[in-house]
Amino acid sequence: MAPVPPPSNKRPLVISGPSGVGKGTLIKKLFNDHPDTFAFSVSHTTRLPRDGERDGVDYHYVSKEAFADLKAKNGFVESAQFGSNFYGTSKATIEEQTAKGKVVVLDIEMEGVKQMRASGFPARFVFIAPPSEKELERRLRGRNTDKEEDILKRLAQAKNELEYSNTPGVHDKIIVNRDLEVAYNELKDFVYAPVDQS
Ligand SMILES: Nc1ncnc2c1ncn2[C@@H]1O[C@H](COP(=O)(O)OP(=O)(O)OP(=O)(O)O)[C@@H](O)[C@H]1O
């Protein structure tokens, strides 16, 4: 198959949506299909790695002290606290990848989207929605990565995320991830749309 030319729109892509909705799954497909086009914005986190996760690939795993230090230096475009852990996207990470000509992909949650919108950071905002809250719960339990306590916290937070997604003008595109292939095609169509349509 001939290689697909990169999208004409190079603005970073901000993918948000409740935990367990399938953001990671969709992003992985995009990267697998177009390995040289996108660059993942690897977030900083103070949480411990899950089995199989690698430092610098899934997250930059840092101490709470190191995180606070970078935040004090205004080094994050967005940061948030979930439970007892902190998450953030460093400016340096985005700038490095954009300078290499990549379309940077950010996987962040509601508070991060609010912060990025408030900052006026130039980006395209995509919200991934579940077909239903019941299906979201099924997926969270099905992936077998979270403790019961965390699942309940994620489901409570999901309600806030879904409510926020109804705010007009926040997201440039909302995709319901019911059937994975259908959702993936919608995402690709949006990402590869000419500049003036997105
Ligand atoms: N369309 C779909 N139909 C059924 N299952 C799906 C679909 N999309 C993703 N899943 C499954 O749902 C689970 C959660 O997906 P994933 O881990 O990608 O979510 P996420 O939004 O990245 O979560 P988090 O924000 O917590 O990282 C996974 O087990 C994944 O295989």
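Two strands are said to pair if DSSP finds at least two bridges between them, and helices (H or I, at least four residues) and strands (E, at least two) are DSSP runs numbered from the N terminus. In this sense strand β1 (residues 13-16) pairs with β8 in parallel over four bridges. The model is predicted, so that local features need pLDDT of at least 70 and side-chain atom pairs count only at pLDDT 80 or more, while totals for chains, interfaces and linings use all residues. Residues are numbered from 1 along each chain as its sequence is written.

**The sheet**
- Five strands form an open sheet in the order β2-β7-β1-β8-β9, with parallel pairing.
- Because β2 (38-40) and β9 (173-176) each have a single partner strand, they stand at the edges, and one side of each lacks a neighbour in the sheet.

- Helix α1 (residues 23-33) lies across β1, β2, β7 (103-107) and β8, and runs at about 165 degrees to β7, where axes are lines fitted to C-alpha atoms, for helices over the stretch in contact, and angles run from 0 to 180 degrees between N-to-C directions.
- Helix α7 (residues 180-191) lies across β1, β8 and β9, running at about 165 degrees to β9.

**Pro131**
- Pro131 sits in the loop between β8 (124-129) and α5 (133-142).
- Leaving aside neighbours within four places in sequence, Pro131 is in contact (C-beta atoms, placed from the backbone, within 7 Å) with Val176 and Arg178.
- Pro131 and Gly17 are 114 residues apart in sequence and 12 Å apart in space, C-alpha to C-alpha.

Notes:
Two residues are in contact if their C-beta atoms, placed from the backbone, lie within 7 Å.
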